[in-house]
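Have the viewer open and follow along.

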Amino acid sequence: LQVNGTWSTDGRVLTVRPNLSLPLNQTYAWKLNPAGTLFPLKNLVGEPLATVAGSYSTGVAAAPPTLTSAMPASGTTNVPVDVTVVFTFSEAMKTNTAIAGSPPSIPAAIGWSGAGVDPAKVNYAWGTDSRSLSCTYTGGFPVATTVTWILNPVTAPVKLEGVSGRAVAAGANTGSFTTAE
C-alpha cells in the first residue's frame with residue numbers, strides 16, 4: 001500500500017492518505033518508526049520518535065439499489081401491446097446515463113427479447129422521483145408474444161445505478177410477460 005503524507009503548518013500533525021481507494025469492510029494496521037526503518041521520523045532536535053502502532057477499519061459497503069417492482073408483473077398474460085413497462089427501484093437512480101445502448105452493437109442496461117421485439121424501439125423516461133423508469137415500445141409490442149427483460153445484463157457497458165454510484169446487481173433481475181392476441 002503506497003501513501004502520501006502531509007504535515008500541518010505547525011509540524012505537529014501528519015496526515016496520511018493512500019494513493020488508491022481502499023476496499024470497504026477491511027481492517028488496516030499501521031506503524032510509525034518500526035524497528036530497523038531506514039528513515040525514521042524525528043523531532044526538531046533530530047531524535048527518532050517512539051514507535052507507535054494502530055489500526056483502522058474502512059466502512060461497510062452499502063447495499064446496492066434493488067428492483068422493488070416491475071409492472072406488468074412477471075408472468076402476466078394478455079397484456080395490451082401498448083403497455084408502458086415500469087420498473088421501480090429502492091432508491092433514487094442516476095437518470096443522465098445512456099441506458100438505451102446502441103443496439104445491436106452496444107447492449108442496453110435493460111435487455112429486451114422475444115419474437116419480433118426490437119430493443120431499439122424501447123423509449124425510456126425517468127419519473128420525477130428518479131426511482132421509477134417507464135419504458136414504452138414504439139408502435140406497441142408484437143401481438144401474442146412473450147416479452148422477456150433483464151436489468152443490467154453482464155455485457156452492458158452502462159448499468160442502471162443509484163445516485164450513490166452503486167449499480168443494480170448485474171443479471172439478477174429478469175422477468176417476462178405475454179402480450180394479448
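## Two strands face to face

Strands here are DSSP runs of E with at least two residues, numbered from the N terminus. The two strands involved are β7 and β10 (residues 132-137), which pair in the antiparallel sense over four bridges. Pairing is called when DSSP finds at least two bridges between two strands.

Before going on, some ground rules: this is a predicted model, where local features need pLDDT of at least 70 and side-chain atom pairs count only at pLDDT 80 or more, while totals for chains, interfaces and linings use all residues. Residues are numbered from 1 along each chain as its sequence is written, and side-chain values use heavy atoms, with hydrogens and water left out.

## The antiparallel sheet

β7 and β10 belong to an open sheet of four strands, ordered β5-β7-β10-β9, with antiparallel pairing. At the edges stand β5 (67-71) and β9 (122-126), each with a single partner strand, so one side of each has no neighbour in the sheet. From one strand to the next, the twist averages 15°; the angles come from axes fitted as lines to C-alpha atoms and run from 0 to 180 degrees between N-to-C directions.

Two loops attached to this sheet have backbone details to look at. The peptide bond from Met71 to Pro72 is cis, with omega near 5°, and Pro72 has its place in the loop between β5 and β6. Ser130 is found in the loop between β9 and β10, and its phi is near 60°, a positive value in a residue other than glycine. With 19% relative accessibility, Ser130 counts as buried (buried is under 20% relative accessible area, exposed over 50%, partly exposed in between, with a 1.4 Å probe and protein chains only).

## The mixed sheet

Another open sheet has four strands in the order β6-β12-β11-β8, and its pairing is mixed. β6 (76-79) and β8 (110-113) are the edge strands, each pairing on one side only. Neighbouring strands of this sheet are turned by 25° against each other on average, direction ignored.

Which sense does the pairing of β6 and β12 have? The pairing of β6 with β12 (residues 173-179) is parallel, over two bridges, and Val79 stands opposite Thr179 in β12.

## Salt bridges between loops

How many salt bridges does the structure hold? There are two, a salt bridge being a side-chain nitrogen of Lys or Arg within 4 Å of a carboxyl oxygen of Asp or Glu. In one of them, the side chains of Glu91 and Arg166 meet at 3.1 Å, N to O. Glu91 lies in the loop between β7 (85-89) and β8, and Arg166 in the loop between β11 (146-151) and β12, so this pair ties together parts that are 75 residues apart in sequence. Glu91 counts as buried at 18% relative accessibility, whereas Arg166 is partly exposed at 26%.

Glu161 and Lys94 also form a salt bridge, at 2.6 Å, N to O. Here Glu161 is in the loop between β11 and β12 and Lys94 in the loop between β7 and β8, so the pair links parts 67 residues apart in sequence. Lys94 is partly exposed, at 28% relative accessibility.

Asn152 lies in the loop between β11 and β12. Buried or exposed? Asn152 is buried, with a relative accessible area of 0%, and its phi is near 50°, a positive value in a residue other than glycine.

Gly165 lies in the loop between β11 and β12 too, and counts as partly exposed at 33% relative accessibility. Its C-alpha atom and that of Ile150, 15 residues apart along the chain, are separated by 20 Å.

β1 (residues 3-7) runs antiparallel to β2, joined by five bridges. Thr6 has Thr15 as its bridge partner in β2. The two strands form a hairpin with six residues between them, and Gly11 in the turn has a positive phi of about 75°.
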